[in-house]
Amino acid sequence: MKATKILAILTIGTMTALSANAQMKMDDKGNMDMSSKSDKATHNAVGVVKAVDQAKGSVTFAHEPVKSLNWPSMTMAFQVKDKTLLDKLPPGKKVSFEFVQQGKEYLVTAVK
Ligand SMILES: [Cu+2]
């Protein structure tokens with residue numbers, strides 16, 4: 001039953017991502033290379049670094065809404081794929097970053 005629920009959530013998430021893409025197409029922003037068709041969708045977000053845990057390799061962001069996941073703005077922790085990414089994440093800095101879902105966690109894969 002749990003799997004069914006997760007599948008439903010994923011389906012809604014995909015639909016949301018597709019409609020977000022359609023809107024972007026109309027806006028002609030040029031950033032259309034979204035991986036909504038892959039299993040491991042990459043999400044883009046903007047957030048302010050609130051805390052960094054070097055030992056755990058995690059970062060807490062106060063992030064803005066994430067359309068591709070239908071998330072409102074919130075403060076939450078992410079794991080980083082590579083601890084060197086933490087060098088780009090001084091507390092207080094506002095960055096845009098990419099992340100993927102990995103099991104129950106969210107993993108930052110790139111910081112811009
Ligand atoms: Cu969040």
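The legends below describe close-up views of a predicted model of one protein chain.

**Figure 1. Overview of the predicted chain.** Residues are numbered from 1 along each chain as its sequence is written. Because the model is predicted, local features need pLDDT of at least 70 and side-chain atom pairs count only at pLDDT 80 or more, while totals for chains, interfaces and linings use all residues. The protein chain has one helix and five strands; helices (H or I, at least four residues) and strands (E, at least two) are DSSP runs, numbered from the N terminus. In sequence order the pattern is α-β-β-β-β-β. Mean pLDDT, the predictor's confidence in each residue on a scale from 0 to 100, is 80 for the protein chain, and 65% of its residues reach 70 or more. Over residues 14-38 pLDDT stays under 50. For that stretch the model has 21 contacts beyond four places in sequence, where two residues are in contact if their C-beta atoms, placed from the backbone, lie within 7 Å. Of the contacts in the protein chain between residues at least 6 apart in sequence, 44% join residues at least 24 apart.

**Figure 2. The five-stranded barrel.** The strands form a closed barrel in the order β1-β2-β3-β5-β4, with mixed pairing. From one strand to the next the twist averages 60°, taken between axes that are lines fitted to C-alpha atoms, for helices over the stretch in contact, with angles from 0 to 180 degrees between N-to-C directions. Two strands pair if DSSP finds at least two bridges between them. β1 and β2 run antiparallel and are joined by six bridges. Six bridges also join β2 to β3, again antiparallel. β3 (residues 74-80) pairs with β5 in the parallel sense over two bridges, and β4 (residues 94-102) pairs with β5 in the antiparallel sense over six bridges.

**Figure 3. Strand β2 and its two partners.** A residue is buried if 20 or more other C-beta atoms lie within 10 Å of its own, exposed if 12 or fewer, and partly exposed in between, with C-beta atoms placed from the backbone. Phe-61 is the bridge partner of Val-49, and Ser-58 stands opposite Gln-79 in β3. The hairpin of β1 and β2 has four residues between the strands, and Gly-57 in this hairpin takes a positive phi near 70°. In the loop between β2 and β3 lies Asn-70, which has a positive phi of about 60° although it is not a glycine. Asn-70 counts as partly exposed because it has 14 C-beta neighbours inside 10 Å.

**Figure 4. The nonpolar core around Phe-99.** Nonpolar side chains tend to be buried together in soluble globular proteins. The largest nonpolar core has 11 residues, among them Ala-45, Phe-61, Phe-78, Phe-97, Phe-99 and Val-108. A nonpolar core is a set of buried Ala, Val, Leu, Ile, Met, Phe, Trp, Tyr and Cys residues joined through C-beta atoms within 7 Å. At least two residues of this core come from each of β1 (43-53), β2 (58-63), β3 and β4. Buried residues make up 14% of the 112 residues in the protein chain. Phe-99, in strand β4, is buried because 25 other C-beta atoms lie within 10 Å. Phe-99 and Ala-45 are 54 residues apart in sequence, but their C-alpha atoms are 8.0 Å apart in space. Beyond four places in sequence, the contacts of Phe-99 include His-43, Phe-78, Tyr-106 and Val-108. Those of Ala-45 include His-63, Val-66 and Phe-97.

**Figure 5. Leu-107 in strand β5.** Leu-107 belongs to β5 (residues 105-111) and counts as partly exposed because it has 18 C-beta neighbours inside 10 Å. Leaving aside neighbours within four places in sequence, Leu-107 is in contact with Phe-78, Gln-79, Lys-81, Phe-99, Val-100 and Gln-102. From Ala-77, Leu-107 is 30 residues away in sequence and 9.4 Å away in space, C-alpha to C-alpha. Elsewhere in β5, Val-108 is the bridge partner of Val-80, and Val-111 stands opposite Phe-97. The hairpin of β4 and β5 has two residues between the strands, and Gly-103 there takes a positive phi near 65°.
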